[in-house]
Amino acid sequence: MGIRSQSETALLTIANVTCRIGRRRALQIGAFALYPGQQWCIFGGNGAGKTLFGRLLGGRLPVADGEIVRAPDFDPHLQLVEVSFEEQQRLWEFDDRHDISEFQADAVDAGTTVRSLILGSENPDPVRQTRYRELVATLALQEVQEQGIRFLSSGQVRRAMLARALMGKADGRFRLLILDDPLESIDRESREPVRQLLARWMDDRSCVVQLCRRAGDILPGITHLALMQDLVLREQGELARVKAGRLFHQLTDIIPTVPVKLPESPMQHARLSADTNLIELRQVTASYANQIVLNRISWTMRSGQHTLIEGPNGCGKSTLLSLIDGENHKAYGQDVHLFGRRRGSGESVWDIKARFGVVSNELHNRYIRGWRVLE
């Protein structure tokens, strides 16, 4: 059990809980208690069970055996807020379902704006307005306040979700904040301000639970650490003690193995000559409504080159990728050449996609359920 804080009543207590995950797997939490003022990090690798544990804390995972006792004055449906990729998907899905742009004269429906996501629909009083301005400034959201979240980068949406969570906490609505990899998708320049902001908002009246897989991402202000492995809560306690233990070092010393050589592609393509450019953009522009994302970009990538495209959230990296991998229709009519052929000269979008392997948050967002690993 974690060390009990000065508060008399735990927000929730877990005793010998088992949650079935399919026919052969189960999440197992032997004993866990969460007291106001404790700031927890649930640590483990991919597939360790961290996100499932977060769902359990939020009352969103059916319990097959054991007991969860919540404080009489704690309602997770009203007093818990989550910042996670799943919640981000839910927000995107909500906006997609309610998109009425095809019925608008300008064919644009902003949907949920950053301002409405953070403040809600009510007119804020002067205190909330001041708090809102401070959060927006700290999280570098001033320029996108009136934009819909569907038009933002993943990192910008993540910062907006953090602002919403902290605004609700300041209003006294939230007592438990679950952060599932809160720094994921946030650009390098913004990470440290976000870390310090979250640390400043930790207090003795509420709890933060961070789900984390990298030791360097553990937030300042975290007081307790729980280690997950193979869907089992293995060890827990005060941060310094657990970090000094053998299991924590075992989890952080794991070196992933990767194949020396990738298998040959089953797709057969005509080989390109050595002097053929893989990608060539000439004075390409992309915009959404009145927002110019890419302005007269020219870029050439040749065979054998390996390119890093770097920049802050919202600078246009994902838009640039979508122009060349077949996802963005704005490439048509512009001077875009792919694999020696001008885009829009008779090829199908599937001909383009067949030459690309893509791993991205946007792809993850589109294919969110119903897929097996091999598919």
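These notebook entries record what I looked up about aromatic pairs and salt bridges in a predicted model.

**Entry 1: aromatic pairs**

I began with the rings. A pair of aromatic rings is described by the distance of the centres and the angle of the planes. I found four aromatic pairs in the structure. For phenylalanine 32 and phenylalanine 53, I noted ring centres 5.2 Å apart and planes at 75°. Planes over 60 degrees apart count as edge-to-face, so this pair is edge-to-face. I then located the two residues: phenylalanine 32 is in strand β2 (residues 25–34) and phenylalanine 53 is in helix α1 (residues 50–57). The pair links distant parts of the chain, 21 residues apart. I recorded both phenylalanine 32 and phenylalanine 53 as buried. I also noted one aromatic cluster formed by Phe32, Trp40 and Phe53.

**Entry 2: a tilted pair**

Next I looked up phenylalanine 43 and phenylalanine 248, an aromatic pair with 5.1 Å from centre to centre and 45° between the planes, which is tilted. Phenylalanine 43 belongs to strand β3 (residues 39–43) and phenylalanine 248 to helix α9 (residues 246–252), so the pair ties together parts that are 205 residues apart in sequence.

**Entry 3: a charge over a ring**

I noted that arginine 355 lies over the face of phenylalanine 339, with 4.9 Å to the ring centre.

**Entry 4: salt bridges**

I then turned to charged side chains. Side chains of opposite charge can pair when their charged atoms come close. How many salt bridges does a search of the whole structure find? The search finds 23.

I looked up arginine 159 and aspartate 187, whose side chains meet in a salt bridge at 3.7 Å, N to O. Arginine 159 lies in helix α6 and aspartate 187 in the loop between β6 (176–180) and α7 (188–200), so the pair ties together parts 28 residues apart in sequence. Arginine 159 is buried at 4% relative accessibility, and aspartate 187 is buried at 9%.

I also looked up the salt bridge of arginine 282 and aspartate 335, at 3.5 Å, N to O. This pair links strand β10 (residues 277–288), which holds arginine 282, with strand β12 (residues 335–338), which holds aspartate 335. Arginine 282 is partly exposed, with a relative accessible area of 37%.

Finally, I recorded a network of salt bridges linking Asp181, Glu184, Arg191, Arg213, Arg214 and Asp217.

Terms used. Residues numbered from 1 in each chain as written. Predicted model: local features only at pLDDT ≥ 70, side-chain atom pairs only at ≥ 80, totals over all residues. Heavy atoms only, no water. Phe/Tyr/Trp six-rings, centres within 6.5 Å; stacked < 30°, edge-to-face > 60°. Helix = DSSP H or I, 4+ residues; strand = E, 2+ residues; numbered from the N terminus. Buried < 20%, exposed > 50% of the residue type's maximum accessible area, 1.4 Å probe, protein only. Lys NZ or Arg CZ within 6 Å of the ring centre and 35° of its normal. Salt bridge = Lys/Arg side-chain N within 4 Å of Asp/Glu carboxyl O.
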